[in-house]
Amino acid sequence: MQRPERVAVIGVGVLGAAVGWNLSRRGAEVVFIDAGQPGEGVTNWSFSWVNASNKTVSRPYFDLNVAGMAAHRDLAKAIGPDSWWYPSGHLRWADEPAAQAQFLKTAELLASWDYRVEEYTGADVRRRLEPAVTMPGEARVLFYPDEAWVHGRHLVRRLVHQAVASGAELRSGTSVRDIGTGGDGSIRTVALSDGSSLGVDAVVNAAGPSASHVAGLIARHLPMRAEPGVVTRISCAPVPIHRAMHAPHIEIRPDGDASVVLHSREIDALIDTGEETDQLARLLHESARHVVPELGDSPIAQARIALRPIPADGFPSVGAVPSVPGYYEAVTHSGITLGPVIGRLLASEILTGKRDALLADFRPQRFRP
């Protein structure tokens with residue numbers, strides 16, 4: 001296949017923005033398409049934790065996430081860290097023996113894979129890192145110094161702004177209604193809900209939770225999990241914590257100068273029981289108050305239940321679909337960690353046809369009708 005000149009990127013979360021930015025800087029004509037606004041979808045409702053310590057289910061997946069962490073550091077150098085990049089490390093501890101044993105076992109595995117992990121007592125953490133956090137002085141706390149958190153909406157906007165300044169086009173507030181192919185089966189057009197039609201040489205499906213629908217427009221079956229998660233923002237100034245943390249029953253991280261983000265898989269499990277979003281947010285707030293008492297009087301600013309973009313087997317679907325020349329996928333959970341590396345590798349594949357070995361286990365063709 002010849003190098004495509006015009007590429008439509010469908011979905012402008014962190015994955016779509018990273019792919020489009022990389023394509024644009026390498027001379028391709030890029031059209032970003034988003035039904036909403038860049039970075040306002042799942043990217044804005046993610047815990048946004050850059051890590052590989054939670055990705056030990058397979059070595060290739062771990063290696064891809066380690067590459068994602070390195071790609072973030074490279075990206076911060078290329079575009080500037082501004083208000084999106086916070087490489088302050090990550091803390092994890094538990095209050096149940098079984099959970100603690102599992103965390104420590106994982107830490108041993110990570111250390112054997114040359115992944116940096118340090119252990120502190122609760123007293124050490126309060127004295128040196130997080131004085132506002134309540135934990136037993138003798139608690140065993142893991143610290144991952146190379147991990148980070150990202151302000152996803154700010155990152156997306158910066159990438160899109162730079163791409164548009166280089167000639168990319170942004171079509172926001174409109175969705176893809178149809179994808180047309182030529183007589184040889186290759187991508188030719190994208191029809192939008194605003195009535196317009198674009199002539200293109202390739203499309204990138206980075207549509208997150210809507211990726212299966214977009215795939216269906218070319219008669220492709222992309223099975224996805226239905227896995228919702230609830231995220232809450234608490235208003236507070238100053239922010240009393242300095243880094244992302246997995247505390248007992250709650251995940252907490254800063255979210256800029258005046259808010260904190262909360263998430264919990266235990267609370268996610270209540271979504272299907274019919275609890276209202278506001279009640280789930282209150283439960284998150286209560287859990288957070290036990291860890292960071294200063295958050296007790298801080299008001300809930302926002303809460304939302306978002307559907308995570310997770311292919312059926314839990315792993316990314318990234319790359320070309322050979323049966324439809326010019327169609328590519330960039331669909332995965334952990335998009336915040338993986339966005340910069342997938343953006344770089346997929347842009348290179350689109351423009352050169354060369355496939356990187358890091359993506360060998362995550363090719364789209366493993367999903368067949």
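Buried means under 20% relative accessible area, exposed over 50%, and partly exposed in between (1.4 Å probe, protein chains only). This is a predicted model, where local features need pLDDT of at least 70 and side-chain atom pairs count only at pLDDT 80 or more, while totals for chains, interfaces and linings use all residues. Residues are numbered from 1 along each chain as its sequence is written, and side-chain values use heavy atoms, without hydrogens or water.

**View 1. H249 has a positive phi.** Phi of H249 is near 75°, and the residue is not glycine. H249 sits in the loop between strand 15 and strand 16 (250–254). Strands are DSSP runs (E, at least two residues), numbered from the N terminus. H249 counts as partly exposed because its relative accessibility is 33%.

**View 2. S48 also has a positive phi.** Its value is near 55°. S48 lies in the loop between strand 2 (29–34) and strand 3 (49–50). At 2% relative accessibility, S48 counts as buried.

**View 3. A cis peptide bond joins A237 and P238.** Omega is about 0°. P238 is in the loop between strand 14 (228–235) and strand 15 (244–247).

**View 4. V204 belongs to the largest nonpolar core.** Such a core is a set of buried Ala, Val, Leu, Ile, Met, Phe, Trp, Tyr and Cys residues joined through side-chain atoms within 4.5 Å. Leaving out residues up to four places away in sequence, V204 touches (heavy atoms within 4.5 Å) several residues, including V7, V19, Y328 and I350. A second, separate core has 30 residues, among them W93 and V260.

How values were computed. Helix = DSSP H or I, 4+ residues; strand = E, 2+ residues; numbered from the N terminus.
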